[in-house]
Structures are given as structure tokens and as C-alpha cells.
Amino acid sequence: MVVRLAPGRNRAVAPPRRLTSGARAPILRRVGTTTRDAKVTDGTAPVAADAVVPEPTPASGDPATVGDLLAVPSLAGAAVVPPDADLRAAVAAVTLLDPDAPTEHGAIVLAPGGAPTVTPDGCVAVVARMAPASPLGVPCIVLARGVPWGVVAADLVGALGAEGGLRRAAEARRALGVPLLGAHGFAGLAEVAGDLLGHPVVILDEYLDRQGQAGLTESQERLLDEAVGRARGHGPASVLGPFCEEELQEEIRVPVSAAGEHVGVIVVWSSPPPDQAQVAVLDELAMACALERAREDARAETESRLRGELIEELLAGEAISRESVVRRARHLGADLSGGSVAMLGKLLDPHTEGRVITDQRLVRRFLQQAQAVIGLSWPLSLVEWDAGQLLCLLPPTTPELREAPRDVVEEAALTLARRLLGATRETVPGLALTLALSRFTPEPERLGAALEEARLALSIGERLGRTGEVITFEETGTYKLLFQIFADRPEELSTFYDQTLAPLVRYDDQYQTELVATLSTYLGHDCNLAATASTLFTHRHTVRYRLDRIAELSGLDISRTDDREKLSLGLKAMRLLGKRVASAGERRTRA
């Protein structure tokens with residue numbers, strides 16, 4: 001430890017420690033672990049004696065005494081004058097002897113130039129090379145030969161800091177144990193820490209979402225939000241490091257570690273930098289946060305396993321009684337007694353086709369946001385993440401939905417899904433969430449069928465390239481029939497496509513025409529020629545010419561009902577097979 005003199009006070013103090021992302025609050029230990037021999041003098045010269053100074057063992061919360069400080073390494077072999085001196089006086093500071101400056105009350109005075117003839121006011125002990133010529137009225141600790149003064153000063157300052165740190169650590173451990181044992185979460189820990197430190201405190205998780213806070217002003221909240229925004233600009237998977245490495249402005253940022261990884265950060269507004277006692281409190285707070293995180297993870301893992309088992313049994317079509325489904329869901333905080341809408345989702349990187357996000361930090365952050373959005377709008381739901389998929393059962397438990405018709409419940413679920421999409425864009429920017437909804441199923445024992453409907457709608461949406469959208473089972477229409485054929489006998493769907501739409505796709509690619517687009521628009525407008533021409537910004541005669549060309553190439557007359565249905569199914573088959581016609585812009589680029 002480097003010791004410096006505080007200006008104007010001649011007090012030896014340890015330099016303040018500034019905690020950054022790479023520094024964790026140290027674990028402090030009491031100085032001295034064994035008894036040490038001491039030498040006693042008669043007041044003129046040191047002589048050997050058999051007196052033993054036991055290691056100090058002050059009660060928790062008591063200040064360090066002169067006797068406690070005799071246990072520091074540099075005072076080993078020191079003598080005490082007089083031999084029967086009272087060593088119980090509390091020590092509050094370490095100062096250098098200076099006749100021109102007042103001595104702080106409760107100070108132990110270092111006298112490199114020799115013991116004083118008059119004891120300074122406020123002094124509780126003197127450290128010198130030689131014993132004083134006359135009694136001082138306070139203990140004089142006579143150093144062993146050859147001990148450097150710098151080492152003595154550093155040991156004494158460190159011992160006082162350690163004592164304060166140990167006491168504060170013990171106090172903090174007891175205080176923080178209350179919210180830990182009471183399951184008050186991070187909010188309770190932040191409140192207690194704020195009282196202990198006397199400064200505003202906020203606890204953030206690894207993606208810098210607030211878990212708990214106490215005492216923050218509006219200005220501090222704004223500055224914190226700005227710092228979080230800058231850190232998140234580095235990318236969704238690397239926000240904690242940039243946040244901790246940012247230049248500190250009257251802040252202390254202490255990472256929270258668990259299982260060898262940083263799982264959060266504590267931010268404290270403190271100026272000047274913390275002393276040793278405050279560092280001890282921060283260390284205890286970091287440990288308490290790690291314990292709370294471990295408990296949260298253990299609880300989440302257990303609940304996830306139970307949710308997963310229930311959903312797996314429902315999907316497998318196992319015979320589960322209504323009573324069993326309702327009872328097991330109720331243990332997990334969900335009420336499925338009135339049935340549910342199933343919602344499935346995938347979080348994808350839209351820039352890499354088919355890439356499901358598996359980064360646990362992103363998944364955790366996404367799930368927190370999803371649970372918050374769903375819990376606010378649709379309480380008592382079942383939310384789970386399994387094999388890269390979000391699985392939700394949304395029961396109509398609000399007063400407005402309990403007695404509502406089926407279509408109202410399904411519309412409310414669609415509104416929730418759209419709201420979740422919007423929240424996800426802000427939570428994990430750059431990633432896309434695709435959601436699929438089943439129809440409302442009122443029977444709890446048949447919720448496996450609802451999950452299958454949502455799964456089918458999600459698969460169809462993926463085949464149709466609807467990443468980042470909401471797909472409902474109802475809107476899949478005939479797609480679901482074709483999808484079953486595609487899943488079981490893909491060659492049959494390919495043959496049907498070849499017999500219907502393939503000639504039009506080849507013609508468009510070869511001659512840069514718009515036959516497929518015209519067919520799709522015409523069928524979408526229920527064969528209304530004027531509406532089709534308006535949408536395509538072309539003349540009705542041009543649309544009629546294209547329809548005739550479609551009939552010629554495909555052998556199907558769009559004016560006939562059967563042929564029109566075949567062409568409509570051919571369009572759907574083309575989309576499910578992933579076939580597409582290049583747009584006019586793509587053709588120009590290619591040319």
C-alpha cells in the first residue's frame with residue numbers, strides 16, 4: 001500500500017481506490033492471526049520481558065484499540081512503555097507528530113524525531129524509536145531496531161481501514177441478509193445498500209436492465225439511461241463490458257460475478273471515492289446480488305422444467321385429465337381452467353436465413369421483456385422457452401375476456417402478439433421475432449391441439465417468408481392442407497406446381513413479364529378487372545391480355561371455377577416450395 005500525507009492535516013491515509021470494470025471490491029481480512037511477544041521497558045531503555053500481547057479480538061462493531069494495533073507485522077517485537085499501560089483506548093486516525101498542527105482526537109502519533117516531551121491533545125498513543133524520558137500519560141510503543149517508518153505507517157493505516165472494513169462488512173452482511181431471506185429480490189437489496197452507503201444505488205443485469213434501485217434523482221436516472229444507450233450501441237451481446245469501461249463521472253461501477261461470468265453491475269453515485277468501509281459494503285452487496293441471481297436461476301430452471309413437461313405432454317397428445325392440467329398449471333402461476341390461445345414464436349437473425357438465436361444472454365433478456373408484456377396485458381399465462389422457441393398459453397382470465405365470444409378472445413391475442421413484436425424490436429434490436437397464434441380452445445385437456453395449430457401456422461409463415469410478422473391459424477386457410485401434403489409427400493406438391501404455375505414463372509423470367517403478379521392480384525381482388533388494373537397501374541385491356549396469356553400457357557381458363565381454384569392452389573404451392581419470380585427491379589439489376 002502506498003501511503004501519502006493528507007494536505008494540511010499531516011495524516012497518513014491510503015490513496016482512494018477507484019473501482020472499474022476490471023476491479024472487484026476486495027475481501028478484507030482482519031490483521032493479525034497469532035499472538036506476538038512484546039518487550040517492556042522501564043522508561044530509559046528497552047529490555048527483554050516475558051509479557052505477551054494477545055491477538056486483539058474486539059467484539060463485532062467495536063472500534064480498533066491501541067492493543068489491536070500491536071498485532072500488525074511491523075510492530076512485532078515492539079515494547080510498550082509503561083508495561084502496565086492501558087491499551088484499550090480507541091484509535092480513529094494515524095498522524096505524524098507536528099507541534100504546529102492540531103492532533104486529531106483518537107489519533108496514534110508517529111514520532112520519527114523522538115518521543116515528545118508533552119503529549120499532544122487528542123493523542124491516545126505514541127510510536128517512537130526510543131522510550132520517552134518521562135511518562136507521557138499514554139502508551140508509547142517503542143519500535144524494534146531497523147523497522148522502516150513507511151512500513152509502520154502503512155501497516156497502521158491498513159489495520160484501521162481493515163477494521164472498519166470488517167465491521168462494515170459484518171454489518172452489511174447482516175443487513176443484506178434480511179431481503180435475501182425475505183425473498184425481497186434485487187429491489188430489497190438496493191434499498192438496504194442505499195441506506196448502508198448513504199448514496200443512490202442501482203442494480204443492473206447483464207443487459208443493463210434495472211433490477212432494483214434506491215435514491216436516484218431524475219437527473220441520475222437520465223444520465224444512467226444515456227450511458228445504457230451508449231453501451232447497447234455496441235451490439236446486443238456485449239453491453240456490460242463497454243458500460244463498465246466508460247469514463248466514470250462521480251460513479252462507482254462494480255461488476256457482479258457468478259459461476260465465473262459477469263451477470264450484472266452495481267452503480268453507486270459517490271463523491272469522493274469510497275473509503276475502505278464502503279468498499280467492504282460494496283463487496284458484500286456484490287456477493288448478495290450473486291446469491292440472488294443464483295436463486296433466481298435455480299427457481300427459473302425448476303419452473304421451466306415443470307412447464308416444459310406439461311407442454312411436452314400436451315403436444316404428445318397424452319391423455320391428461322382436465323383436473324390435472326388445471327392443477328399443474330396453477331402450481332406454475334397460470335390459470336388454464338377456461339382454456340387458452342396458444343402462441344409460438346421464434347427469435348431470428350433476419351440477415352442469416354434460418355438462424356435461431358441461442359445466446360443465453362439475449363434469450364434471457366427477451367424472455368424478461370416477453371414476460372413483462374404478457375404479464376401486463378394477459379395475466380396468469382404460461383410462458384416457456386424451449387429449443388429456441390417461445391411457447392405461450394394465453395388463458396382469458398381478465399374480466400373482459402372471461403365471458404367474451406371466441407373471436408373477441410382471438411382478436412385480443414392478436415393485439416398482444418403485435419404489441420410483443422414492437423417491444424422486441426426495442427429490446428433486441430437487429431433481431432426479428434415471428435409469432436403464430438392458434439384458435440381459442442376452451443377445453444384445457446385439448447390444449448395440445450392448440451399448440452399444434454400454432455406450430456403449423458409458424459411453419460407456414462416461415463415457408464412464406466413472413467419473418468417478423470404475426471401469423472394466425474385462421475388466415476392460413478388452404479395453406480394448411482397443402483402444407484400437410486408438402487410435409488408428407490413433397491413430390492406431389494412439386495408435380496402440382498409444375499402443372500399449374502411453373503409455365504408462368506418460366507415465361508416471366510424469360511420475357512420479363514408480370515403474369516404471376518397479375519394472376520395473384522386478380523385473384524386477390526375476387527376477379528375484379530378494374531380493381532386489378534388500378535392496383536397494377538395499367539390499363540384493363542392489358543390485364544385482359546395477360547389473363548388470356550395465362551390461360552394459353554397453363555391450359556387453365558381463369559373464368560372457370562375449377563381452373564381458377566387450381567391456379568389459386570398453384571400460387572400457394574409455389575410459395576410453400578419457396579419458388580419466386582424476380583421483381584422488375586431485380587431484373588434490371590441483373591441485366
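An open sheet of five strands runs in the order β17-β18-β16-β19-β20, with mixed pairing. Strands count as paired when DSSP finds at least two bridges between them. Helices (H or I, at least four residues) and strands (E, at least two) are DSSP runs, numbered from the N terminus. The structure is a predicted model, in which local features need pLDDT of at least 70 and side-chain atom pairs count only at pLDDT 80 or more, while totals for chains, interfaces and linings use all residues. Residues are numbered from 1 along each chain as its sequence is written, and side-chain values use heavy atoms, leaving out hydrogens and water.

The edges of the sheet are β17 (382-386) and β20 (470-472), each pairing on one side only. On average, neighbouring strands are turned by 20° against each other, direction ignored. Axes are lines fitted to C-alpha atoms, for helices over the stretch in contact; angles run from 0 to 180 degrees between N-to-C directions. Strand β19 (residues 432-437) pairs with β20 in the parallel sense, over three bridges. Here A436 stands opposite I471 in β20.

Helix α8 (residues 360-377) packs on the sheet. It touches β16 (341-348), β17, β18 (389-394) and β19, where contact means heavy atoms within 4.5 Å. The direction of α8 makes about 165° with that of β17. Helix α11 (residues 447-463) lies across β16, β18, β19 and β20. Its angle to β16 is about 35°.

A helix pair was also examined. Two packed helices are described by the angle between their axes and the distance between the axes. The axes of α15 (residues 502-511) and α16 (residues 515-524) come within 8 Å and cross at roughly 130°. That makes α15 oblique to α16. Angles under 35 degrees count as roughly parallel, over 145 as roughly antiparallel, 65 to 115 as roughly perpendicular and the rest as oblique. From α15, L504, V505, Y507 and D508 meet L515, V516 and L519 in α16. The contact residues divide into six nonpolar, no polar and one charged. Nonpolar covers Ala, Val, Leu, Ile, Met, Phe, Trp, Tyr, Cys and Pro; charged covers Asp, Glu, Lys and Arg; the others, Gly among them, are polar.

Rings of Phe, Tyr and Trp (its six-membered ring) pair if their centres lie within 6.5 Å; planes under 30 degrees apart count as stacked, over 60 as edge-to-face and the rest as tilted. By this rule the count comes to two aromatic pairs. The rings of F366 and W385 have centres 5.8 Å apart and planes at 70°, so this pair is edge-to-face. It links distant parts of the chain, with F366 in helix α8 and W385 in strand β17, 19 residues apart. F366 is buried at 1% relative accessibility, and W385 is buried at 14%. Buried means under 20% relative accessible area, exposed over 50%, and partly exposed in between (1.4 Å probe, protein chains only). Y507 and Y511 form a tilted pair, 4.7 Å centre to centre with 45° between the planes. Y507 is buried at 17%, whereas Y511 is partly exposed at 48%.

Most residues other than glycine have a negative phi, and most peptide bonds are trans. A cis peptide bond joins V81 and P82, with omega about -5°. P82 sits in the loop between β7 (79-81) and β8 (93-96). L208 has a positive phi near 70° and is buried at 3% relative accessibility. F537 has a positive phi of about 55° and is exposed, with a relative accessible area of 79%.
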